[in-house]
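Thank you for asking me to look through this model before you go further with it. My comments are set out as numbered points, to be read with the structure open beside them.

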Amino acid sequence: MKIALFGAEGKVGSAIRARLEAAGHEVRGIELGDEPDVSGCDAAVDFTTPDAAPANVRAALEQGVSCVVGTTGWEPAELGALAEERGLRLFAAPNFSIGAVLMMRFAREAAAHFPRAEIVELHNEAKKDAPSGTAKATAELIGGDAAIHSVRLPGLVAHQEVLFGGHGETLTIRHDSLDRASFMPGVLLAVRKLDSLQEGLTVGLESLLGLE
Ligand code: NAP
């Protein structure tokens, strides 16, 4: 496939470029300041910033190209409607790591049995949004009013703990992305399955893994 990659020189984008090319895809990298020209591409992928992603996605959809978005900290509903109008797909996931999706699912199960939960999300200091998209999605999944604590430090990649408190016991569910390689199988899967999704917006890797 021919794939436009917004943010191809970023920390995640450069890993995605290498992985897509290794899988035989042709990648057109689009950086800040470049024309968002995706003409002739089969799909667009965006790992940029919460400020940049909406304009990139809009430009791709307006050129008739479906999108996979990993950028967090923005609201994709409006552009999902644009995708649907145009018979295209917009796939957005707050976390492309399979372990993180399972962590959220296990947290949802545990929440039915514990009265209180809090979430601690830990990311590299360069991460621009807080709380993380994964923490917000987890809080929504487990319901109630779980507090979210955000830690930003050098050395970290992407980590999250969901702590449950009950009667004389606690349960901690933790996931660690130790390397950006953890996001690659999910991104490849989304690119591969993009055209088979329903038109409009699909959110979350769980919908591609049969885990809903
Ligand atoms: P990063 O290293 O800062 O990379 C962002 C890249 O986007 C930079 O190369 C930046 O260029 C470029 N950029 C900025 N504005 C742009 C524009 N208008 N058009 C094209 N490119 C533009 O950040 P990162 O760690 O790779 O993370 C990127 C995003 O992915 C963040 O929102 C992060 O939270 C998210 N993320 C999601 C997942 C997931 O699984 N969903 C996993 C990891 C990260 P400059 O450096 O020149 O500004």
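1. Overall form. Please keep in mind throughout that this is a predicted model. The chain holds seven helices and 10 strands, and its radius of gyration is 17 Å, close to the 17 Å that the globule rule gives for 212 residues, so the chain is as compact as a globular protein of that length. Along the principal axes, the C-alpha atoms fill a box of roughly 60 × 35 × 30 Å.

2. Burial and contacts across the sequence. Of the 212 residues in the chain, 46% are buried.

3. Helices α1 and α6. The axes of helix α1 (residues 11–22) and helix α6 (residues 184–193) come within 10 Å and cross at roughly 60°, an arrangement in which α1 and α6 are therefore oblique to each other. The crossing in which α1 passes α6 is right-handed. On the α1 side the contact is made by Val12, Ala15, Ile16, Arg19 and Leu20, and on the α6 side by Met184, Val187 and Leu188. Sorted by class, the residues of this contact are seven nonpolar, no polar and one charged.

4. How many of the 10 residues of α6 are buried? Seven of them are, so α6 is largely enclosed by the rest of the structure. The buried residues of α6 are Met184, Gly186, Val187, Leu188, Leu189, Ala190 and Val191. Besides α1, the elements against which these buried residues pack are the strands β1 (2–6), β3 (43–46), β4 (67–69) and β5 (89–92), together with helix α7 (206–209).

5. Helices α2 and α3. Helix α2 (residues 53–62) and helix α3 (residues 77–85) have axes that come within 10 Å and cross at roughly 5°, and α2 and α3 are therefore roughly parallel to each other. The residues that make the contact are Pro54, Val57, Arg58 and Leu61 of α2 and Glu78, Leu79, Leu82 and Ala83 of α3. By class, this contact between α2 and α3 divides into six nonpolar, no polar and two charged residues.

6. Helices α4 and α5. Helix α4 (residues 98–111) packs with helix α5 (residues 133–142) at an angle of about 30°, the two axes being 9 Å apart, and that makes α4 roughly parallel to α5. Here α4 passes α5 in a right-handed crossing. From α4 the contact takes in Met103, Met104, Ala107, Arg108 and Ala111, and from α5 it takes in Thr134, Ala137, Thr138, Leu141 and Ile142. The classes represented in the contact of α4 with α5 are seven nonpolar, two polar and one charged residues.

7. Threonine 138. This residue has its place in helix α5. Is threonine 138 buried or exposed? With a relative accessible area of 0%, threonine 138 is buried. Leaving aside residues up to four places away in sequence, threonine 138 touches Met104, Ala107, Ile119, Gln160 and Val162, and of these Met104 and Ala107 also belong to the α4 side of the contact with α5.

8. Alanine 15. Alanine 15 is found in helix α1, where it takes part in the contact with α6, and yet at 25% relative accessibility it counts as partly exposed. From C-alpha to C-alpha, alanine 15 and arginine 108 are 31 Å apart in space, and they are 93 residues apart in sequence.

9. The loop between β6 and α5. Asparagine 124 lies in the loop between β6 (116–123) and α5 and is buried, with a relative accessible area of 17%. Not counting residues up to four places away in sequence, asparagine 124 touches Arg152, Leu153, Pro154, Gly155, Leu156 and Val157. Proline 131 is also found in the loop between β6 and α5. The peptide bond that joins alanine 130 and proline 131 is cis, with omega about -5°.

Conventions: Residues are numbered from 1 along each chain as its sequence is written. This is a predicted model: local features need pLDDT of at least 70, side-chain atom pairs count only at pLDDT 80 or more; totals for chains, interfaces and linings use all residues. Side-chain values use heavy atoms; hydrogens and water are left out. Axes are lines fitted to C-alpha atoms, for helices over the stretch in contact, and angles run from 0 to 180 degrees between N-to-C directions. Helices (H or I, at least four residues) and strands (E, at least two) are DSSP runs, numbered from the N terminus. Angles under 35 degrees count as roughly parallel, over 145 as roughly antiparallel, 65 to 115 as roughly perpendicular and the rest as oblique. A crossing is left-handed if the near helix is turned anticlockwise from the far one by less than a right angle, and right-handed if clockwise. Contact means heavy atoms within 4.5 Å. Ala, Val, Leu, Ile, Met, Phe, Trp, Tyr, Cys and Pro count as nonpolar, Asp, Glu, Lys and Arg as charged, and the others, Gly among them, as polar. The radius of gyration is taken over C-alpha atoms; the globule rule is 2.2 Å times the number of residues to the power 0.38. Buried means under 20% relative accessible area, exposed over 50%, partly exposed in between (1.4 Å probe, protein chains only).
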